[in-house]
Amino acid sequence: MDIILIYLALALSWDMLVRSGHISFGIAGLFGVGGYAAVLLHLNAGVNPIFSIVLGGLAAGFLAWLVGMAVLQLRGMYFAIVTLALAEIFRVIIRNLPDLTGGPEGTVLPSAIFAGNSTKTYWLVLTVAVVSVIASEIFRRTRIHFALTSIRNDEIVAKSSGIDVFKYLVFIFVITSAIQGITGGAYAHIYGFVSPEGSFSLDFTLLPIAMALLGGMHSTWGPVVGAVLLGVVSEFLKLKIPYGHLMVYGLIIVIAILFFPQGIVGTLGQKLKKTHNA
């Protein structure tokens, strides 16, 4: 459940940015930054673990603000490629600061958060997931939703309507990055370990994207449904076929996207609407 809720928060944060028409492949980069920031603040500055997780999210958000001032001038595949490259740059920087970060070997905490108490760690990640859901719903029910939808549909029309496109893009990029940073901090404290390869793993980019695609993009409950379904299937496959589960997992995603291009939630919504109209 911890893993499923972590991926759920990441899938929702990715989808919130996609609502503006910008596809990011940098989830793992901000996730890793938040994890390292939380761990290093706790070890080197004695910050309380919970507070360090929040600060890790703020660090990821601040970094996103600095980077976003430049990369949010890009559009389409150029933005996607740059965010993927930035995630790799963050990982390389972490590897080459051994005195601070532990280098390629990473850093181990003296103890996991809550001394490894599984009930308390569950409530921690559940809180992170609920905060992500609330943030998504706030975006969906306020003027932010109309601004992001307008930008996604036609940026020129959005500008002519008086929408400050750049301001909204920076805002949504910072908020979603902060959520990813908080999630990374929680993950790092739960497992008591951070490393360049583990914390910046592409799994933290590809799996949340797959979950959002399966469940249905541009909504709150699409990524939630996708995260729960694929999360459960993934954990089950790891037990049954530990050396081939990723292949089966990929096949499931391909089949789902082929037969449910709008995602499960979007497809069900369309069918219910047709039934109601009939």
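R91 is buried, at a relative accessible area of 15% (buried means under 20% relative accessible area, exposed over 50%, and partly exposed in between, with a 1.4 Å probe and protein chains only). The model is predicted, so local features need pLDDT of at least 70 and side-chain atom pairs count only at pLDDT 80 or more, while totals for chains, interfaces and linings use all residues. Residues are numbered from 1 along each chain as its sequence is written, and side-chain values use heavy atoms, with hydrogens and water left out.

The side chain of R91 meets that of E88 in a salt bridge, at 2.4 Å from N to O; a salt bridge is a side-chain nitrogen of Lys or Arg within 4 Å of a carboxyl oxygen of Asp or Glu. Helices (H or I, at least four residues) and strands (E, at least two) are DSSP runs, numbered from the N terminus. The pair is part of a network of salt bridges that links E88, R91, R95 and E197.

In total, the structure holds 8 salt bridges. Side chains of opposite charge can pair when their charged atoms come close. In helix 6, E137 and R140 are 3 residues apart and thus separated by about one helical turn; their closest N and O atoms are 3.0 Å apart in a salt bridge. E137 is buried, with a relative accessible area of 13%, whereas R140 is partly exposed, with 33%. A further salt bridge joins K159 to E155, with 3.8 Å between the closest N and O atoms. K159 and E155 are 4 residues apart in helix 8 (residues 155-160), about one helical turn.

The largest nonpolar core has 36 residues, and those with the most contacts inside it are V71, L72, I151 and F173. A nonpolar core is a set of buried Ala, Val, Leu, Ile, Met, Phe, Trp, Tyr and Cys residues joined through side-chain atoms within 4.5 Å. Two or more residues of this core come from each of helix 1 (2-18), helix 2 (27-45), helix 3 (49-71), helix 4, helix 6, helix 7 (143-153) and helix 9 (165-191). Helix 9 gives the most, with 9 residues. A second, separate core has 35 residues, including L5, L8, W14 and A129. Not counting residues up to four places away in sequence, F173 touches L17, A64, G68, V71, L72 and F79, contact meaning heavy atoms within 4.5 Å.

V128 lies in helix 6 (residues 118-141) and counts as buried at 12% relative accessibility. Its contacts, leaving aside neighbours within four places in sequence, are A9, I182, T183 and A186. A112 is placed in the loop between strand 1 (107-108) and helix 6 and is partly exposed, at 22% relative accessibility. With the same exclusion of sequence neighbours within four places, A112 contacts H189 and I190. A112 and I190 are 78 residues apart along the chain, and their C-alpha atoms are separated by 5.4 Å.

Void space was examined on a 1 Å grid over the protein atoms alone: a cavity is a set of points where a 1.4 Å probe fits but cannot get out, a pocket is an open set with protein on both sides within 12 Å along at least five of seven lines, and lining residues have an atom within 4 Å of a point. Grid points are joined across faces, edges and corners, and a volume is the space filled by probe spheres set on the points. The count comes to 1 cavity of 30 Å³ or more, and about 140 Å³ of space lies in the largest cavity. Of its 17 lining residues, S24, G26, L30, T83 and F173 lie nearest the centre. Helix 1, helix 2, helix 3, helix 4 and helix 9 each give two or more residues to this lining. By class, the cavity lining divides into 11 nonpolar, 6 polar and no charged residues; Ala, Val, Leu, Ile, Met, Phe, Trp, Tyr, Cys and Pro count as nonpolar, Asp, Glu, Lys and Arg as charged, and the others, Gly among them, as polar.

The largest pocket has a volume of about 240 Å³. Its lining includes L213, M217, H218, I257 and P261, and comprises 5 nonpolar, 6 polar and no charged residues. Helix 14 (residues 263-277) gives the most to this lining, with 3 residues.
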